[in-house]
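Here is a quick walk through a pair of chains and a few spots inside them. Have the model open and follow along.

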Number of protein chains: 2
Amino acid sequence: MVERVCVVGGGVIGSLFAGHLASVCEVSVLTRRREHATALNAEGLRVSGKSERQAPVVASDDPRELPDPDVAIVATKANDLRHALAMLAGRYREATIVTVQNGLGAEEIVREHGPWPIVSGVTFMSGTRHSDTHVEYILDTETWLGPYEDTPFERVQEIADTIVASGLKAEALPDLRPAQWSKLIFNAAVNSVAALTGLPHDPHFSAEEEPTDLGHLVHGLIDEGKAVAQAAGIELHDDPWEMNVLATRRGSAHYPSMLEDVEARRPTEIDLITGSLVREAERHEVPVPLSRAMVALVKGREAAA
Amino acid sequence: MVERVCVVGGGVIGSLFAGHLASVCEVSVLTRRREHATALNAEGLRVSGKSERQAPVVASDDPRELPDPDVAIVATKANDLRHALAMLAGRYREATIVTVQNGLGAEEIVREHGPWPIVSGVTFMSGTRHSDTHVEYILDTETWLGPYEDTPFERVQEIADTIVASGLKAEALPDLRPAQWSKLIFNAAVNSVAALTGLPHDPHFSAEEEPTDLGHLVHGLIDEGKAVAQAAGIELHDDPWEMNVLATRRGSAHYPSMLEDVEARRPTEIDLITGSLVREAERHEVPVPLSRAMVALVKGREAAA
């Protein structure tokens, strides 16, 4: 079992990992802001919603002040990944690094900063951050993990088992790419359409009755993504259109993070989500005019903010 | 020369026509709201900006209270056109009706309501409405007029001459469709991109240096529009891409009306602008995936409002 975990990044996903893992191992949190670390050291981390936890954690904005972990879960937004890894470079030599960023390519960025073994992750869980020390666990869906390069599968399994023991859902897969790409294609379509329309992920996204219904566009974007996956030799784990239809029928409409970013006039992850799909399409010479349009529009929206 | 003009609709374009034409003929204004008519009867209509006018006008929300005109300029938004024409049906029997709506098909809607001679118009002028009785004239660009069905060209010329005599810019063209389509293709791209990004019509719309620059999308939309025009047998009056480039270099960025509508959470003219191009594309079996995407996104935005 894993004994010491460092969670890098205290956003929703990082807080959900830290708040649960503290019940089965020693957890440290590397934050971006010093005040955030101070609050966590004083109050601990509260989880409400799908589970209830009051977790003691050690936190700092300086990795030198934290114990050397066996596992570091890098749970920053994709945009903050390089900054976080620059702090870790040369440290945490015994750790396996777990990435859970949206999009593709987080593992390559980790590798640029050090020789750690890497585990690739995608997570479908979601929550709402109420304060620096309180996160609400909303969607109790799975985190999938897989080996990157020559990381042994046993290591992946051990990390997944620890996450499951902490009360979250996780699964170790021999090859993560089919799941990673399914989520990427789903996210590339749903997040960008939500950001541009202002709609949460609701039944408009799967409506295809009228010719101008939004589902046709979402379907077109997903079909472009599937063509790229096929050209890249990836057999998808789930069909992203079915993921979309199921999610829109779940009842309570989820607010995609890109919509939250746009409404808060923050930069979005468009370059790393839809953008990474467009770059893969270029590499494999697959035409993706709709996906390109979404990237240009969301970047235009950012420029207007 | 024209002696009595009724301007139907007291928005920006209607107010600009009424405020100028009152210096060369008798002008009445048919408003949607009774308070608007009351204010115009009491205070007249003030124009500032590119010209200065203080125009006496007769106004009402009931056409029976207004003198029978020689010319009725229907300057409502395309969405309000049917409502306005239902009020005119059976009246103003001696009048020629001038349409200046965005998109295609306003003339057909007029014809459904009565046998008046019709003059087709497109206007490039713009302004800002400061109050019910004050409009600022901002872009002093032209209005183009052309005959519809068998309206004699002399009638078109006479109306254009009256508009010019009033201090506005106008031109009579034997066939308006090339100009109407140029403006439609330009508007279909620029208005929808502005509505979705929140950007005024600024240099982003013609930027094509980086692969994700917005100009590529605007260019793609315009190319779709040009393919539809070609299939419909229309030779364009101006190249819509050149119109776009010139306009973005003009210095002060124009706020397209669809962006204003979206920001005010009003319904937009998407169905009548980009939507009318998509319907023409269907008729001529021209693929227009980007234009379809814009219609679906703007309608999604309306649904979220």
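The report below starts with the ground rules, moves to the interface and ends with some local details.

## Ground rules

This is a predicted model, in which local features need pLDDT of at least 70 and side-chain atom pairs count only at pLDDT 80 or more, while totals for chains, interfaces and linings use all residues. Residues are numbered from 1 along each chain as its sequence is written, chains are lettered from A and ligands numbered from 1 in the order in which they are written, and side-chain values use heavy atoms, with hydrogens and water left out.

## How the two chains are related

Take chain B, turn it by 180° and shift it 0.1 Å along the axis, and it lands on chain A with an RMSD of 0.1 Å (a least-squares superposition on the C-alpha atoms of residues with pLDDT of at least 70 in both copies). That is how a two-fold axis relates its copies. In chain B, Leu196(B) has the C-alpha nearest the axis, at 3.0 Å.

Both copies use the same surface, as 100% of the contact residues of chain B recur in chain A (contact means heavy atoms within 4.5 Å).

## The interface

On each side, 22 residues take part: 22 of chain B are in contact with 22 of chain A. The two chains bury about 1,800 Å² between them, and carbon and sulfur atoms give 75% of that (buried area is the accessible area, with a 1.4 Å probe, that two parts lose on being put together, summed over both). In chain B, the residues that lose the most area to chain A are Thr197(B), Thr212(B) and Leu297(B), together 27% of what that side buries.

What about salt bridges between chain B and chain A, how many are there? The count is zero, where a salt bridge is a side-chain nitrogen of Lys or Arg within 4 Å of a carboxyl oxygen of Asp or Glu.

Helices H6 (177-197), H7 (214-231) and H11 (289-304) of chain B each give two or more residues to the side that touches chain A (helices are DSSP runs of H or I, at least four residues, and strands are runs of E, at least two, numbered from the N terminus). H11(B) gives the most, with 12 residues.

## Helix H8 of chain B

H8(B), residues 240-248, is mostly covered, with seven of its nine residues buried (buried means under 20% relative accessible area, exposed over 50%, partly exposed in between, with a 1.4 Å probe and protein chains only). Trp241(B) and Met243(B) are among the buried ones, and the buried set packs against H6 and H7 of chain B.

## Two single residues

Ser182(A) sits in H6 of chain A and is buried, with a relative accessible area of 1%. Leaving out residues up to four places away in sequence, Ser182(A) touches Leu236(A), His237(A), Asp238(A), Pro240(A) and Met243(A).

Gln54(B) is in strand S4 (residues 53-55) of chain B and counts as exposed at 53% relative accessibility. Its side chain reaches the backbone oxygen of Glu43(B) at 2.9 Å.

How values were computed. A polar contact is a pair of N or O atoms within 3.5 Å; within protein, one must be able to donate a hydrogen and the other to accept it, and residues adjacent in sequence count only if both atoms are side-chain atoms.
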